[in-house]
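Colleague: I am new to this structure. Could we go through a few of its features one at a time?

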Amino acid sequence: MLSVPFKETESTSYIEPLKQYIASHYSEDPDQYMDDLRQLDQLRSNIMHPEPHEESANAHLRYYQQLQVLDNKFKIDSDNIQVVFTWGNAFVQESGFFSSGNQYTSSHNLGFEKASMLFNLAAIYAHLGTQQSLDDEGTKKAAFYYQLSAGTFQHISNSLESWGIHGSANTQLNALCDLMLGQAQEVFYCKARNGKMKDATLAKLAMQASQFYNLAHETGKDTDVFDKQWLSYMQSKILYLKAIAQFHKSGESETNGKYGEQVGWLQASQKSIKEALDNSLVKNLPVVGLGPEMKQFSDKVNLQFAKANKDNDLIYMEKIPKIEELPVLVPARMVNPTTQFESFKSKPLFQNLVPFKAHMAASKYETKKDNVVKGLIDLLNESTAIAHSSLQSMRLPGSIQALEQPIGLPKHILTRSEEIRQKGGASMLKSQFDRLMQTAREQWEHISKAKQMLESEQAEDEQLRMQFNARWTRPPSSTLTRFMYEKLRTFEEKLSAADQSNQQVQEKLQKTMHLIENLSLSKQELEQSIPASTANTTLALSDPNIKQLKLMLDTLNDNLKKRQDLISRVKEISEQDQIGPVIMQACAKSDDFDEEQLFSKQLDRYKPDQEAARALIQEQVGLLQAIQKSNQAFIQSHQTDQMIRSRENALSNLDVGYKSFLDITKNISEGTVFYKDLSSLLINQVQQVQDFCSSRQKEKHDLLAQMSQTPVQMPVQQFGQMNLYPAQSSQPYSQPPVYGQPQYGQSQFGQSQFGQPQYGQLPPPQQYGQQYGQQYGQSGQKYGQFQGK
């Protein structure tokens with residue numbers, strides 16, 4: 001069997017080119033990635049001298065995985081990051097095979113590096129295949145390795161265009177792939193032969209191996225890569241395995257009692273093996289022992305032919321078909337190209353490194369996504385508010401309850417009052433809201449403190465720069481604090497949106513506090529506050545309009561429950577909607593990708609729920625019209641005195657008060673979680689600002705001391721080589737917060753977006769203000785409509 005020679009390579013380093021690129025394109029301190037850079041260089045060093053064993057193959061797989069990571073984060077080519085990759089030829093006559101005919105070829109193309117090192121991986125597998133013995137276990141391993149070699153060559157061939165490699169390399173790689181498949185099929189035949197399988201099966205296996213060799217020869221002979229020895233080997237194998245297949249067909253014919261056909265197949269085998277032993281081929285064979293092996297087989301065929309021909313002449317006397325009249329020999333394929341890329345996993349380098357353009361694109365998408373989700377939820381909440389407002393204006397269901405129970409309080413009112421008292425009543429609600437407002441003020445103080453530190457440090461740096469001019473060589477503060485200011489601006493946007501929500505909660509609290517206070521009264525006090533009626537309502541209760549109204553109110557309640565399920569589903573989709581990996585893939589392909597097209601495709605997942613929301617709202621419109629019509633008939637069908645109307649209004653107001661209590665309690669609870677989560681992130685950010693300013697102070701003192709000791713201008717150690725700055729997270733937070741946003745408190749480039757957890761990453765809180773925006777009262781006025789989700 002043949003093994004493939006290795007390509008030689010010269011050492012190179014990624015460190016300096018990537019450091020420069022990180023500093024200029026990612027606006028980060030490249031020194032924080034030194035461990036990753038050194039590890040990358042070590043991975044390449046590990047594949048410089050390939051050897052035919054598993055660990056060398058694994059080293060190539062590990063390096064290839066990191067090259068895939070590099071492709072998604074860096075543009076390594078002649079126009080961007082210039083890393084020099086130099087590789088030698090694998091074949092003496094190689095021309096165009098990742099080269100231009102020279103002994104060594106250099107390129108800045110990362111695809112060139114991938115193709116070259118994967119070529120060596122395929123060669124390792126080929127060497128491992130040739131090392132195996134041809135016993136039962138050895139043939140299994142050999143077939144496995146040859147298929148891996150074929151799969152690796154095929155993978156390179158399929159990837160050449162995307163890697164920017166052109167020329168005849170595709171043809172050469174396909175020839176090598178077919179050659180490896182031929183060898184894999186041949187050892188599979190050997191395994192079957194050792195297992196004493198039937199001649200019919202062995203013939204099919206050998207014929208398929210011959211066809212693989214034929215494909216390799218037909219493809220390879222048109223290139224200038226393979227010399228006469230390789231081409232002669234392929235030709236010999238084509239004919240030799242064909243002769244073997246024909247020999248086994250003769251055995252099958254003998255088993256089936258077709259003795260004339262048996263002789264015909266032996267004649268065909270003689271012809272094939274004679275061509276294989278042609279002196280022009282045998283003298284060029286690169287594999288020692290193949291010629292004698294074929295000669296031995298030829299003797300075996302001749303001996304078998306003599307015996308079979310004699311038996312047919314003396315005993316069977318069957319007609320011997322001509323070679324061209326023999327049946328077509330059908331092959332049986334048992335091997336395919338395979339790879340181990342997917343099954344081999346290692347930790348990717350540069351996990352925290354995200355391009356600034358990707359940050360901005362993700363931030364834009366978060367805004368669009370938030371607008372879609374917020375718009376859908378606001379639409380449903382507004383519709384719910386209209387439903388409640390309409391029912392309130394019709395005094396439903398209070399008017400029905402007032403007739404059904406003219407004295408005392410309905411059971412559900414008493415239950416709600418007891419629930420509110422157990423939760424502390426109106427006074428506890430007011431106290432909780434005051435604490436929430438205090439927490440909000442504290443967050444603004446954190447931001448103010450951080451901005452004051454940054455502004456003070458920058459002012460001092462600019463003053464010293466004006467004083468020392470070119471001697472003040474450290475980077476300006478403005479180039480280092482961009483991400484910090486961006487984060488602080490994002491925090492400000494979140495807090496501003498939260499302040500608006502707080503204002504609406506406060507308005508609702510003020511407008512419904514007297515109703516909540518009534519529900520906080522004892523049972524006796526509450527009953528005394530509700531007017532009673534002793535009017536005879538027997539006739540009114542028999543009105544069929546009451547039954548119809550109740551049925552329609554139940555249908556409306558079911559509609560309202562469905563929209564809450566819909567809101568929950570939309571929030572869940574939003575939580576799982578992480579566009580980070582999609583943006584990273586787009587960035588890897590082109591810096592100028594179409595953001596709007598990418599965003600539009602990502603937002604399509606919300607369309608089914610938007611349609612469902614519109615259907616629920618449309619159903620509500622019809623229900624409210626029917627309820628209004630039925631309620632008019634109900635009013636006209638019975639006489640009500642002023643006392644009943646007062647009772648209806650009082651019971652309806654208690655419904656409003658209870659709903660407002662639930663909404664505000666939920667808003668405050670979610671707001672508390674919101675500020676708790678935000679506070680941990682904000683305090684961490686303030687600490688980063690503090691650390692940065694301290695590092696700048698130390699650097700300032702060191703630089704001033706250096707200038708005072710040296711009368712001439714001395715170069716200051718460049719930024720990126722000094723470990724004075726704390727590691728900065730390059731990840732801005734998501735779009736301006738509204739209580740209950742599924743993404744609040746979770747970095748866009750944290751685990752959900754780019755797979756890496758950031759400090760203080762938090763699970764999304766429950767929806768804050770979900771019920772806001774509901775309308776109460778006959779006027780339809782919105783009470784504290786919450787503008788968030």
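Colleague: How far apart are the end C-alpha atoms of helix α4 (residues 110-130), and what span should its 21 residues have?

Modeller: This is a predicted model, so the values are computed from its atoms. At 1.5 Å a residue, the 21 residues of α4 should span 30 Å. That agrees with the distance between its end C-alpha atoms, which is 31 Å.

Colleague: How many residues of α4 are buried?

Modeller: Buried means under 20% relative accessible area. The helix α4 is mostly covered, and of its 21 residues the number buried is 20.

Colleague: Which residue has a side-chain oxygen that reaches the backbone nitrogen of glycine 111 at the start of α4?

Modeller: The backbone nitrogen of glycine 111 has a side-chain oxygen within 2.9 Å. That oxygen belongs to asparagine 109.

Colleague: Where does α17 bend?

Modeller: Helix α17 covers residues 482-519, and its 38 residues should span 56 Å at 1.5 Å a residue. Its end C-alpha atoms are 53 Å apart, which agrees. The helix α17 does bend, by about 55 degrees, at threonine 512.

Colleague: Is leucine 314 buried or exposed?

Modeller: Leucine 314 lies in helix α11 (residues 290-316). With Ile315 and Tyr316, Leu314 makes a nonpolar surface patch of about 320 Å². Exposed means over 50% relative accessible area. Leucine 314 has 63%, so it is exposed.

Colleague: How far apart in space are methionine 317 and tyrosine 259?

Modeller: Methionine 317 lies in the loop between α11 and α12 (356-393), and it counts as exposed at 63% relative accessibility. In sequence, methionine 317 and tyrosine 259 are 58 residues apart. In space, C-alpha to C-alpha, their separation is 8.4 Å.

Definitions and conventions: Residues are numbered from 1 along each chain as its sequence is written. This is a predicted model: local features need pLDDT of at least 70, side-chain atom pairs count only at pLDDT 80 or more; totals for chains, interfaces and linings use all residues. Side-chain values use heavy atoms; hydrogens and water are left out. Helices (H or I, at least four residues) and strands (E, at least two) are DSSP runs, numbered from the N terminus. The expected span of a helix is 1.5 Å times one less than its number of residues. The bend at a residue is the angle between axes fitted to the seven residues ending there and the seven starting there. Patches are made of residues with over 30% relative accessible area and no salt bridge: like charges are joined within 9 Å, nonpolar side chains (Val, Leu, Ile, Met, Phe, Trp, Tyr) within 5 Å. Accessible areas come from the Shrake-Rupley method with a 1.4 Å probe; for residues, only the protein chains shown count as cover. A salt bridge is a side-chain nitrogen of Lys or Arg within 4 Å of a carboxyl oxygen of Asp or Glu. Buried means under 20% relative accessible area, exposed over 50%, partly exposed in between (1.4 Å probe, protein chains only). A polar contact is a pair of N or O atoms within 3.5 Å; within protein, one must be able to donate a hydrogen and the other to accept it, and residues adjacent in sequence count only if both atoms are side-chain atoms.
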